[in-house]
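Q: I'm new to this one and would like a quick tour. Can we go through it piece by piece?

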Amino acid sequence: MSKQFAVIGMGRFGSSVARTLYEMDYEVMGIDEDEEKINENIQYVTHAVAADSTDEMALKEIGIRNFDVVVVAIGADIQASILTTLILKEMGVKKIVAKAQNERHGQVLYKVGADRVVFPERDMGIRVAHNLISANVLDFIELAEDYSVAEVVVSPGMVGKTLRQLDVRARYGVNVIAIKSGEQFNISPRPDEVIQQHDVLVVIGHNRDLKQFEEHA
Ligand code: ATP
């Protein structure tokens, strides 16, 4: 059986997570204390339930333990977000993913048992900033503190050259892990692959090296 998800908090972030999972044919339960949020989202999730997630009995009744992943998408009410995460952990939920407003909130969420903490506003800010530095950067995802993956549109100077000729590993210290060419996605490009106009390179590397590559390549 495929994974079952529960999302607590049907704000902008939570409803987006829930709807996306539902559209990918996963079973998703949406939970919010606000009836209106439940009504707004009822057709985009498998089940929608009005409940206060800081109420342990309410979570027991829902059978929250049976879900493979529970996403805590409560933001503004930091106390409710922390308390909910703690209760889920104590109830033995297998995997808890929680949204944090800021670093401090994130640290506390890890302490009370979150398996993964996400910072949507911070991460989106980072992605937008990279796109502002260079319009050629389509996307930027942090993998670890100093390492990321960037999607970069090829510059006119690269067109017609092979990966070997570009030699980005020696020149910038980054690695091309894939080339998107229109609808085609080449995930193991060979050194003699010729770069076409409008191609997008997926590059991995140290943030410092990616910056050089974004600005100068
Ligand atoms: P977003 O940016 O995703 O819109 P946010 O960070 O502003 O959200 P909130 O609006 O505070 O976060 O919370 C998201 C949702 O969580 C709201 O719809 C709110 O009703 C719900 N929520 C808050 N506390 C609880 C709770 N204790 N139990 C259930 N739902 C809750």
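Q: Which residue is the bridge partner of Ile179 in E11?
A: That's Leu201. Before going on: this is a predicted model, where local features need pLDDT of at least 70, side-chain atom pairs count only at pLDDT 80 or more, and totals for chains, interfaces and linings use all residues. Residues are numbered from 1 along each chain as its sequence is written, and side-chain values use heavy atoms, with hydrogens and water left out.

Q: OK, and how do strand E9 and E11 pair?
A: E9 (residues 175-181) and E11 are antiparallel, over five bridges. Pairing here takes at least two bridges found by DSSP between two strands. Strands (E, at least two residues) and helices (H or I, at least four) are DSSP runs, numbered from the N terminus.

Q: What about E8 and E11, how many bridges there?
A: Seven bridges join E8 (residues 147-153) to E11, again antiparallel. In that pairing, Tyr147 stands opposite His206 of E11.

Q: How much of E11 is buried?
A: Six of the seven residues in E11 (200-206) are buried, so the strand counts as mostly covered. Buried means under 20% relative accessible area, exposed means over 50%, and partly exposed is in between, with a 1.4 Å probe and protein chains only.

Q: Changing topic: which way do the residues of E1 point?
A: Gln4, Ala6 and Ile8 point one way, Phe5 and Val7 the other, and all are buried. E1 covers residues 4-8.

Q: In what sense do E1 and E2 pair?
A: They're parallel, over five bridges. Gln4 stands opposite Glu27 in E2.

Q: How is the chain split into domains?
A: The domain assignment gives domain 1 (4-118) and domain 2 (123-216). Those bounds come from an automatic or database assignment. The C-alpha centres of the two domains lie 35 Å apart.

Q: Where does the largest pocket lie?
A: It lies between domain 1 and domain 2, because both give residues to its lining. About 840 Å³ of space lies in this pocket. Of the 28 lining residues, Phe13, Val97, Arg116, Val118 and Asp123 are the closest to its centre.

Q: What counts as a pocket, then?
A: On a 1 Å grid over the protein atoms alone, a pocket is an open set of points with protein on both sides within 12 Å along at least five of seven lines. A cavity is a set of points where a 1.4 Å probe fits but cannot get out, and lining residues have an atom within 4 Å of a point. Grid points are joined across faces, edges and corners, and a volume is the space filled by probe spheres set on the points.

Q: Which element gives the most to the lining of the largest pocket?
A: H6 does, with seven residues. By class, the lining divides into 17 nonpolar, two polar and nine charged residues. Ala, Val, Leu, Ile, Met, Phe, Trp, Tyr, Cys and Pro count as nonpolar, Asp, Glu, Lys and Arg as charged, and the others, Gly among them, as polar.

Q: And how many residues line the second largest pocket?
A: 25 of them, with Gly9, Asp32, Ala73, Ile74 and Gly75 nearest its centre. H1, strand E2 (27-32) and H6 each give two or more residues to that lining. The volume of this pocket is about 490 Å³.

Q: How many cavities of 30 Å³ or more does a search of the whole structure find?
A: One. The largest cavity has a volume of about 40 Å³. Its lining includes Ser134, Asn136, Phe213 and Glu214. E8 and helix H9 (207-216) each supply at least two of the lining residues.

Q: Which residues of H9 are buried?
A: Asp209, Leu210, Phe213 and Glu214. They cover an arc of only 140° around the axis, which puts them on the same side of H9. That arc is taken from the directions from the helix axis to the C-beta atoms. On the other side of H9, Arg208 and His216 are exposed.

Q: Last one: is Glu23 buried or exposed?
A: Exposed, because its relative accessibility is 60%. Glu23 lies in helix H1. Glu23 and Tyr44 are 21 residues apart in sequence and 8.0 Å apart in space, C-alpha to C-alpha.
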